[in-house]
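We'll go stop by stop, with something to select each time.

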Amino acid sequence: MTDSSSDISKEEALEKDIHIVPLTVNIDGKTYVDGVDIHPKPFLDMMDQAKELPKSSQPAPGQFAEIYEKLGKDGDEIISIHIAGNLSGTLSSAQQGAQIANAKVTVFDSQFIASALAIQVREAVRMREVGASVHDIIERLKEVRANTKMYIYLDTLTNLVKGGRIGKGKALLGSLLNIKPIAILEQGEYLPVAKVRSYSQVVKYMFKEYKKHITGKQVKSICISHAGEMENVGAPLKELIEQSGFCDIEVTVTSPIVSTHVGRGAIALVFFAE
């Protein structure tokens, strides 16, 4: 089980028997259920037109408990893998739900979001299919988590300002200097790692980091997630990675939960290598 910030499609969830609990998004006073009555691409236009920055909310503990009891009614054990606890209250809600549910539930902090979370969910499914125990799956997820990297480029600082994450002065300075910030998501923390001045420098930096971290390793999965814009960074980055020898690159549009924080044009490079 996971949540809708994982960017896993309904089709994949159905095919692999993954249960997704949706987060909600409030846009100018109206609440939408992620993946049910609001979807990634239409959300970007709604976000642009909204008077205030859309706000996401996690499911209540009772909602988790209800799902856990339904899934565990025949004695099945449940692994619940979620968005980083430092980024959302979803993990805490899941933990509270597990405590009150009459079911065997193990809640796991992915320490990631979006496609980086999806990588862990898919690995758990793979191990479930070969009959691995809950203990073995959790230990494997720790390894996958430790060997996954997520680099994030923000095309605009507007959403960070509206969300109170940075001051208007810093955003204005960044805009005037045409600074393009790059960060990593590490152990659930958003950590700035570079500031560059052009799209080509963003691509160059991300590719350099990718090559550095995969040296001597086997690449298992790569995903480029974007908030509505692939042309300037995502497409040339994808082409470079393909030219270097890995062509099975997943491309996804970020969920509303992610887009409302990072803003239109953001790009995330996620890769798992060991």
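Which domains does the domain assignment of the protein give? Color residues 2-147 as domain 1 and residues 148-273 as domain 2; bounds of this kind come from an automatic or database domain assignment.

Before you go further, note that this is a predicted model, in which local features need pLDDT of at least 70 and side-chain atom pairs count only at pLDDT 80 or more, while totals for chains, interfaces and linings use all residues. Residues are numbered from 1 along each chain as its sequence is written, and side-chain values use heavy atoms, with hydrogens and water left out.

**Stop 1: where the domains meet**

With both colors on, look at the two C-alpha centres: they lie 22 Å apart.

The size of an interface is often given as the accessible area lost when the parts come together. Here domain 1 and domain 2 bury about 2900 Å² between them, with 61% of it on carbon and sulfur atoms. That buried area is the accessible area (1.4 Å probe) that two parts lose on being put together, summed over both.

Next, show the side chains across the interface. How many salt bridges does the rule find there? It finds three across the interface of domain 1 and domain 2, a salt bridge being a side-chain nitrogen of Lys or Arg within 4 Å of a carboxyl oxygen of Asp or Glu. Zoom in on R122 and E250, which form a salt bridge with their closest N and O atoms 3.1 Å apart.

The count of residue pairs in polar contact between domain 1 and domain 2 is 13, both residues being at pLDDT 80 or more. A polar contact is a pair of N or O atoms within 3.5 Å; within protein, one must be able to donate a hydrogen and the other to accept it, and residues adjacent in sequence count only if both atoms are side-chain atoms.

**Stop 2: salt bridges within helices**

Zoom out for a moment: the structure holds 14 salt bridges. Now select K16 and E12, which form one of them, with the closest N and O atoms 3.0 Å apart. Both sit in helix α1 (residues 10-16), four residues apart, about one turn of the helix. Is E12 buried or exposed? E12 counts as buried at 13% relative accessibility, while K16 is partly exposed, with a relative accessible area of 25%. Buried means under 20% relative accessible area, exposed over 50%, and partly exposed in between (1.4 Å probe, protein chains only).

Jump to helix α6 and pick K142 and E139, three residues apart, about one turn of the helix. K142 forms a salt bridge with E139, and the closest N and O atoms are 3.2 Å apart. K142 is partly exposed at 38%, and E139 is partly exposed at 33%.

**Stop 3**

Select K220 and E274, whose side chains meet in a salt bridge (2.7 Å, N to O). K220 lies in strand β11 (residues 219-226) and E274 in the segment after β13 (267-273), so the pair ties together parts that are 54 residues apart in sequence.

**Stop 3: a few single residues**

Click on T260 in helix α11 (residues 256-262); T260 counts as buried, at 1% relative accessibility.

Last, a look at backbone angles. Most residues other than glycine have a negative phi. Go to D17, in the loop between α1 and β2 (20-21): its phi is positive, near 55°. Then find Q111, in the loop between β7 (104-109) and α5. Q111 is not a glycine, yet it has a positive phi of about 65°.

Definitions and conventions:
Helix = DSSP H or I, 4+ residues; strand = E, 2+ residues; numbered from the N terminus.
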